[in-house]
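This briefing covers a nonpolar core, a helix and a loop residue. The sequence and structure come first, and the notes follow.

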Amino acid sequence: MEWWCAATEQAWDWTPRFYLGSWLFTLSLLGAYALAWRRLAPPVVSEERRRRNRRKITAFVVGALVFHASVDWPIGTLGAGYLASVGMLRFILITLVVAPLLLKGTPVWLARRLLPEGRVRDAARMLARGLPALVIFNAIALSTHAPAFADPLLSSPVGAMVMDLSWLLGGLVLWMPVLSPLPEVPRLSTPVAMAYLFAQSVLPTIPASFLTFAEYPLYSTFELAPRVGTIDPTLDQRNAGLIMKIVAGFILWGRIAVLWFRWAASQERPDEVTSPDLDFDELLDEEGMRPAPEVDR
Amino acid sequence: MTARPLALALAGLGLLLLAGCETGGADALEAGQDGILGVPLEEPVAKPDVVLTDHHGEPFDLRAETDGELTLAFFGYASCPDICPVHMANLTSVFDRLPSTVTDRINVLFVTTDPARDTPEALEVFMGSFDSDFVGLTGDLDEIVDLMTELNLPRPVFEEPDDDGFYEVGHPAQVLAFLPDDDHAHYAYPWGTRQSDFTHDLRALVDGAAAARP
C-alpha cells in the first residue's frame, strides 16, 4: 500500500495498486460535501430547485470521481510513473474537467462558507479576475511541467500529491472567472470570458511545442521507467505535447462554443433574465437574488 | 496586478521551463575535463580474453570480434523486469538517432548474469526487441562470474524463487565503455544515464577516443 501514485521504477503490470491518500482525499471531499448539503443547505421550496440541486450534486460527484480516477490506479499510476502522455491526460482531466465540475457543483450557500467575507473573499475576487487567474494557472502548469521540478516531484508520493493538488487548485483558479459560484466574486462578461478561454487555449502551445518537438525525452521519470509495451519515451512525450495542445484546446473551445450560443440566445431574447452561465439561475429563485453582475475587465 | 510584474513573472517561468529542459533533472551526468559525461574509471580495465556464445548460438571471441571498436558492455538478464530492458531500449533509441557511420563502429554487448535461463534461444527472443546489431552473450556461470570479477564488477546475486519459480538476479547497473584505441574500459555509464548523454558520448568516443581519454 502506498500513499499516492508516484514513480516507483517497478515493472508495469495490470495488478491493481491501492493508494491510501487518494482514497482518503476523495472520500473526505465527498463526505464533506454530503455533510454540507445535510447541515447547511436551505430548504427546497420548488421542484425546479430540487432539479437544479440534483444537477449540482451530480456535477460535484462526477468531478470528485474523475479526480479520483486521475490519481488512482491505473491512470494515476501510469501517468505518474510510466507514460508522459497519460500524465498529460491527468493534467487535462484535473484542470479542465474536474475543476469546472467542482465549481459547477458548488452552491452559493456553500461557496459563501468556503470563501468567507474578508481577506479570503478579497483574495478570491482578485484571483477570479482574468489576467491574474491566467498568470497563476500558467505559472502552476509551467512549473509542474518543467523537468527540473516534475522529475523530483514525481519521485515521491508526497511530491506527486503536491503536484496533483496544485493542478486542482490551479484549475479552480483558472475557471473561477468563468464559473464563479459566488455572486460576490463576479464572473467575466461573456465576450471577455470567451476571449479569456481563447487566450488559455493558445498559451499551452509553447510548452506543448517543447514536448512535441524535443529530440530526446525531457523527463528522466518517463525515460527511465520500465516500458509499458513497446511505447518509446520520445514518441510518448510527443503524444503528451499533442494532448496538451489538442485535447485541452478542444475542451476550451467547446466551452467557448457553449458560452457563445448562450450569449447569442440571450441577445435574441433581451427581455428574459439570463446570466452568462445558466448555473447562476439558482440565484433567481428562493434565495431571492439577482444573478451576479457581469463585469468587463 | 499590473502588466509589468505579470510579464516579468511569465518571462521568468519561461526561462525556468527552458532551464528544466536543458538540465533534465537533478541527477544529470556532469562532463569531465575531457568533455565526456561517462564516469571515468579509476583504473582502466583491459578487455577480457574470453569466448562466449552469442544469441544465435555461435561462439563469440570478445577480443577478436570487437578489436579496435568502441564497445559497450552491460551485464544483466533477459527476465529482468526493469533496468536491463530500459538500458537496452534507450541504447536502441540512441542508435536510431546516430548515423550509421557512427553506429557501425560501436558494439553493444548484453552479457547475461543468469545463463541458466538465458539460453541462446531465450536471448534471441530478448534481443529481438532491440537494435538488430546488439549482441546477447551467454556462457557458463563460472565463466561469466570470472569475467565480471576481471572487470571489477560485483558478482550476480540470485534471489529466492517465488511461488511461480521466478527469481530476480542482482547485477551491476552500469554500462562499461571500452575505447577503440586501447581496448580498455575507461568509462562507466550508471543507471540513470539519459539518451542524450549516451548520444553525446558515443559520438565523441568514436570520433576522438584518444583525445577524449583522460
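**Nonpolar core**

Ala99(A), Ala160(A) and Ala177(B) touch the most other members of the largest nonpolar core, which has 126 residues. Helix α4(A) gives the most to this core, with 14 residues. The model is predicted: local features need pLDDT of at least 70 and side-chain atom pairs count only at pLDDT 80 or more, while totals for chains, interfaces and linings use all residues. Residues are numbered from 1 along each chain as its sequence is written, and chains are lettered from A and ligands numbered from 1 in the order in which they are written.

- A nonpolar core is a set of buried Ala, Val, Leu, Ile, Met, Phe, Trp, Tyr and Cys residues joined through C-beta atoms within 7 Å.
- Beyond four places in sequence, Ala177(B) touches residues including Gly38(B), Leu70(B), His186(B) and Leu205(B) (contact: C-beta atoms, placed from the backbone, within 7 Å).

**Helix α4 of chain A**

- Helix α4(A) covers residues 84-104 and reaches 29 Å from its first C-alpha to its last, close to the 30 Å expected at 1.5 Å a residue (1.5 Å times one less than its number of residues).
- Helices are DSSP runs of H or I, at least four residues, numbered from the N terminus.
- At Val98(A) the helix α4(A) bends by about 30 degrees, and Pro100(A) follows within four residues (the bend is the angle between axes fitted to the seven residues ending there and the seven starting there).
- Of the 21 residues of α4(A), 19 are buried (20 or more other C-beta atoms, placed from the backbone, within 10 Å of a residue's own).

**Thr106(A)**

- Thr106(A) lies in the loop between α4 and α5 (108-114) of chain A.
- Thr106(A) counts as buried because it has 25 C-beta neighbours inside 10 Å.
- The C-alpha atoms of Thr106(A) and Leu182(A) are separated by 9.0 Å, with the two residues 76 residues apart along the chain.

Conventions:
Helices (H or I, at least four residues) and strands (E, at least two) are DSSP runs, numbered from the N terminus. A residue is buried if 20 or more other C-beta atoms lie within 10 Å of its own, exposed if 12 or fewer, and partly exposed in between; C-beta atoms are placed from the backbone. Two residues are in contact if their C-beta atoms, placed from the backbone, lie within 7 Å.
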